[in-house]
Amino acid sequence: MIITDTHTHLYSEEFDQDRDEMIQRAIKEGVSRFFIPAIDSSCTQSMYDLEKDYPDNVFLMMGLHPTYVKENYLEELQHVEEELAMRKFYAIGEIGIDLYWDKTHLKEQQIAFRKQIQLAKQYKLPIVIHCREAFDEIFEILEEEKSADLFGVFHCFTGTYEQALQAISYNMKLGIGGVVTFKNGKIDQFLSQIDLKHIVLETDSPYLAPVPFRGKRNESSYLVNVLDKLAQIYELSVKDIASATTENSKVIFGI
Ligand SMILES: [Zn+2]
């Protein structure tokens, strides 16, 4: 059984004490494909180190996270462009709009999101969207930029059924993680109405640990708890969910 974690920050300093053990735990559970979103230029070197240690398991993205769009965002975008020109990445991410932490840089976040969508089209890569309290703002840009060559993942999807359909209409798969196991997470209520072909799995570790680890540090091995929940929702075996969602990840990332 091959399980794919489409969104995991394995380079996070939260794992500095036990990174290798943590990755081995995941691989032992069958979670052996890790897609690694970028945040900003400060994490680039640690992403490359990770790839060097796990060349068969780790697939890197490049991008500027909306929460890190600050005064220097043009320099950061320059860094993204330079890295993209230099080597292979599997997606542009994570990118998007986040109005939960800070609304000060909405304008810059919109510019950075649009610019990185255009880079994704240029390099024929998927985008991985981070959306927090910004569905309207994200959909506005996707509506303008939509095209056959724009596709990707709506990471940590926590919207409504209608918003799920809208995301899918823009060629986005829904990244489903720990939130689906939460009592008040809501998405478990309608997910069975969404065809499994639109779903990929993710932990977003070290954040958003699933039940029964909610509130603790998350890690990729906990993806099996998300898998169990999806097996219940779709009334399928864990094996079937694992293989379907891994296939979906291959369609998106091309590997
Ligand atoms: Zn993330």
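The following dialogue shows how to read several features of this predicted model.

Visitor: Which conventions apply to the model?

Guide: Residues are numbered from 1 along each chain as its sequence is written, and side-chain values use heavy atoms, with hydrogens and water left out. The model is predicted: local features need pLDDT of at least 70, side-chain atom pairs count only at pLDDT 80 or more, and totals for chains, interfaces and linings use all residues.

Visitor: Which atoms coordinate the zinc ion?

Guide: Donors are N, O and S atoms within 2.8 Å of the metal (3.2 Å for Na, K and Ca); water is not among the atoms, so sites may look incomplete. Here the zinc ion is coordinated by NE2 of His7, NE2 of His9, OE of Glu94 and OD of Asp204, at 2.1 to 2.6 Å. Along the chain, the donors follow the spacing H-x1-H-x84-E-x109-D. His9 lies in the loop between strand 1 (3–5) and helix 1, and Asp204 in the loop between strand 8 (199–201) and helix 7 (223–234); the pair links parts of the chain 195 residues apart.

Visitor: Why is the arrangement around the zinc ion irregular?

Guide: Four donors count as tetrahedral if all angles lie between 85 and 135 degrees; four count as square planar and six as octahedral if opposite donors are over 155 degrees apart and all others between 65 and 115; anything else is irregular. The four donor atoms around the zinc ion subtend angles of 87 to 175°, which makes the arrangement irregular.

Visitor: Which residues of helix 2 are buried?

Guide: Buried means under 20% relative accessible area, exposed over 50%, and partly exposed in between (1.4 Å probe, protein chains only). Helices (H or I, at least four residues) and strands (E, at least two) are DSSP runs, numbered from the N terminus. An α-helix has 3.6 residues a turn, so residues three or four places apart point the same way. In helix 2 (residues 44–53), the buried residues include Thr44, Met47, Tyr48 and Leu50. These cover an arc of only 160° around the axis (taken from the directions from the helix axis to the C-beta atoms), which puts them on the same side of helix 2. Gln45, Lys52 and Asp53, on the other side, are exposed.

Visitor: What covers the buried residues of helix 2?

Guide: Contact means heavy atoms within 4.5 Å. The cover includes helix 1 (19–28), strand 2 (31–36), strand 3 (58–60) and helix 3 (73–86).

Visitor: In what order do the strands of the three-strand sheet lie?

Guide: Two strands pair if DSSP finds at least two bridges between them. This open sheet has the order 1-2-3 with parallel pairing. Strand 1 and strand 3 each have a single partner strand, so one side of each is left without a neighbour in the sheet. Strand 1 and strand 2 pair over three bridges, and Asp5 stands opposite Phe34 in strand 2.

Visitor: What is the order of the five-strand sheet?

Guide: Its order is 4-5-6-7-8, again open and with parallel pairing. Strand 4 and strand 8 are the edge strands, each pairing on one side only. Six bridges join strand 4 (residues 92–98) to strand 5, with Gly93 opposite Val128. Five of the six residues of strand 5 (residues 127–132) are buried, so strand 5 is largely enclosed by the rest of the structure.

Visitor: Is Tyr73 buried or exposed?

Guide: Tyr73, found in helix 3, counts as buried because its relative accessibility is 11%. Leaving aside neighbours within four places in sequence, Tyr73 is in contact with Leu64, Glu108, Ile111 and Ala112.
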